[in-house]
Amino acid sequence: MTTRRRDLLLGIGVAAFAVLLLLVVIPLGVHVPKAVRAAVLSPDLWPRVIAGMLLLFGTVLALQARFGAGDEDDWQAPGFDPLAALRFLATLGLFLLYYWLVRRLGMVLASSLAILAFGLFGRTRHTLLLLATALVLPFLLWGFFYEIAGIPLPSGDWVSWP
Amino acid sequence: MNAWDAAYWAFQTIAQPEAVAALALGVVIGVIVGAIPGMSATMGVALTLPFTFSMEPLVGILLLLGVYKGGIFGGSIPAILIKTPGTPASSCTVLDGHPLAERGEAGKALEMALYASCIADVISNLALILFAAWLAAFALSFGPPEFFTLILFSLTIIAGVSGDSLTKGLISAGFGLLAATVGLDLVYGTDRFIFGQTELMAGLNFIPVLIGLFALPEILAYLRRPTEGVGKVMDLGRHHVTWREFRRCLRGIGLGSVIGVVMGAIPGIGGAPSAFLAYSEARRISPNRDRFGKGELEGVAASEAGNNGVAGATLIPLLALGVPGDVITAVILGAFMVHGLRPGPIMFQQNIILVYALFMGILLSSVFLFITGKIAIRAFRRVADIPRSILYPSVLALCVFGAYAINNTMFDVLVMFATGVLGYFMMRTGIPAAPFLIAFILGPMLEDNFRQAMLMSQGSFTIFLRSGITWFFWAATALSIGLIVRRGLGRRRRPATAGGD
């Protein structure tokens, strides 16, 4: 896909999102009281103005991509890389797993495991250094946030520490 | 309280060991973060911010200012040693810094970068002290309509941080403004985009959004295609800057500092353009102009003076008017707010001791920068090749602790992950993240002042033309937009002409 085609799709996508905002999301998501003194004070004025801006700029981007003069930036992006896409999805999965583990093991232990997992997933060749970081860093952060700053870090359902 | 009393009390405040230690620590952290390719000064400030929650406001803000100043200099270390700028502002330093390193004179290049950075930093700090109070006194007469037009003008800085496509910068700003509307309405207290989530009633907190936008996309990009390597780290060599060489570079340093101050005080320009302008001007006036780009010490001095001269001056609009000059000062503005402070003219009246203490701390930061820089040149150069497979998982853990610590809720961690994915999508599609953040911070101020003005005038728009100040900002906004359009048209014509040739 060229950058021009990418920008065309992006512009159309932004404009479509703006229309969705104007027609569905703002009417459903912004509560307008009946006793609004002036239209310019209405809670939905600002979101509507912003949605209008997005509609305009999305359209402009699409038009620029469709009719604008081509230049040296119009490169051919590398083809779809299934492995990279899979790794991206796996990273998102690891994020969610990290979030879930914080609830189960507490912030400190979950962070230790997360550092290990992300380091191995990043194909580290420095396994010992990774292990040391996974053991030391979360405890240093616990020391600062919990012991010094007095922030109650979450403990887990399975391990009630800290 | 007169100015001398305030200065006396400010000195008492800044003389506290924790304030001095925070500033020194901040500079060290900044230099280290700046020296790591893939980490930016913005990312450094963002990741340090959660650590300041439990600190006194002055101590916390000094820590962040230290990170900011250290980060700008730190970027020159990998720029010279491995031809990879640590921060965008140090990209100009590569031009002459790396050829010097290839000749075995990396130590000399780094020393000159440090001297130029420190001198420019002092000049920039003095400009801040001289002009901020004057500007703040002038801004005392501002009401909501004046602030609305000022913030509207400040939003034109988005053009400066939009990169290659202004349209994409504006789209990014639109999304930032939209994200800022989430929460309870300012006037009526009704729901906006809450959809039953009580955590959203106070709106999206800016710190998870900031961390998500600036730290997570780099991690996601790395994990998608892990590559460990950076360039080869050059040896420092045994050469040092001689007095004669230093004197030869002074003119370029002075010029670069002045350019940095002027460009830093104008919102939206930032360190990189300032460094390139300083470099080209120094080259124009130098008798050694033919050696520029091949390892000329004057080139390193001018570009470093240009990018560090910006650092103090960008704080002028922030402290005096409460509007950020670039993305890092936007983050520092957020930090002030987190600590219950609101920069602007009122702060000069109600918190003058704090303002003076900040001025003193900022001056002191130049001294710490010099000391830390001297050590960093020898000690931190290996930081540049820290393995990314260790760095990024560690940064991720920092992000999670930091995002949680704001409100002690895991919801903010979810917000951070969500904005991280959004930031990654923006990175992949060429949409810059800086306009999003600036609009996210300025959006509520813009809306608040607009609606206050409307309440004052009972819905009449003529209130936005009520004074010379509003007229001035309308004119400045129109001029700024005109220049942006002209630049955009010029950029379009150039490739067409090139094609025609």
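Biologist: What should I know about the conventions before I start?

Modeller: The model is predicted, so local features need pLDDT of at least 70 and side-chain atom pairs count only at pLDDT 80 or more, while totals for chains, interfaces and linings use all residues. Residues are numbered from 1 along each chain as its sequence is written, chains are lettered from A and ligands numbered from 1 in the order in which they are written, and side-chain values use heavy atoms, with hydrogens and water left out.

Biologist: How many residues does the largest nonpolar core have?

Modeller: Start with the rule. A nonpolar core is a set of buried Ala, Val, Leu, Ile, Met, Phe, Trp, Tyr and Cys residues joined through side-chain atoms within 4.5 Å. Buried means under 20% relative accessible area, exposed over 50%, partly exposed in between (1.4 Å probe, protein chains only). Here the largest core has 203 residues. Those with the most contacts inside it are A:Y98, A:F145, B:F336, B:V413, B:M416 and B:F417. Its largest share, 16 residues, comes from helix α7 (residues 106-139) of chain B. Helices (H or I, at least four residues) and strands (E, at least two) are DSSP runs, numbered from the N terminus. Domain 1 (3-67) and domain 2 (82-148) of chain A each give this core at least three residues; the bounds come from an automatic or database domain assignment.

Biologist: What does A:Y98 touch?

Modeller: Contact means heavy atoms within 4.5 Å. Leaving out residues up to four places away in sequence, A:Y98 touches A:A110, A:S111, A:A114 and A:F118 in chain A, and B:L396, B:A397, B:V400 and B:F417 in chain B. There is also a second, separate core of six residues, including B:C92, B:Y279, B:A282 and B:F292.

Biologist: How do I read the interface, and what area is buried between chain A and chain B?

Modeller: The size of an interface is often given as the accessible area lost when the parts come together. Buried area is that loss (1.4 Å probe), summed over both parts. Between chain A and chain B the figure is about 6100 Å², and carbon and sulfur atoms give 78% of it. A:L41, A:W46 and A:F95 lose the most area in chain A, together 12% of what that side buries.

Biologist: What about salt bridges: how many does the structure hold?

Modeller: Side chains of opposite charge can pair when their charged atoms come close. The rule asks for a side-chain nitrogen of Lys or Arg within 4 Å of a carboxyl oxygen of Asp or Glu. Over all chains there are 18. Two of them cross the interface of chain A and chain B. One links B:K168 to A:D7, with the closest N and O atoms 2.8 Å apart.

Biologist: Which residues does B:R451 pair with?

Modeller: One partner is B:D185, at 2.5 Å, N to O. This pair links distant parts of the chain, 266 residues apart: B:R451 is in helix α21 (residues 434-457) of chain B, and B:D185 is in the loop between β1 (183-184) and β2 (191-192). Both are buried. Another partner is B:E447, at 3.0 Å between the closest N and O atoms. B:E447 and B:R451 both lie in α21 of chain B, four residues apart, about one turn of the helix. The relative accessible area is 2% for B:R451 and 3% for B:E447.

Biologist: Is helix α6 of chain B enclosed or open, and why?

Modeller: Eight of the ten residues of this helix (residues 93-102) are buried, so it is largely enclosed by the rest of the structure. Among them are B:T93, B:D96 and B:H98. The cover includes α5 (76-81), α7, α13 (271-285) and α14 (297-313) of chain B. Just after α6(B), B:G104 takes a positive phi of about 85 degrees.

Note on methods:
Buried area is the accessible area (1.4 Å probe) that two parts lose on being put together, summed over both.
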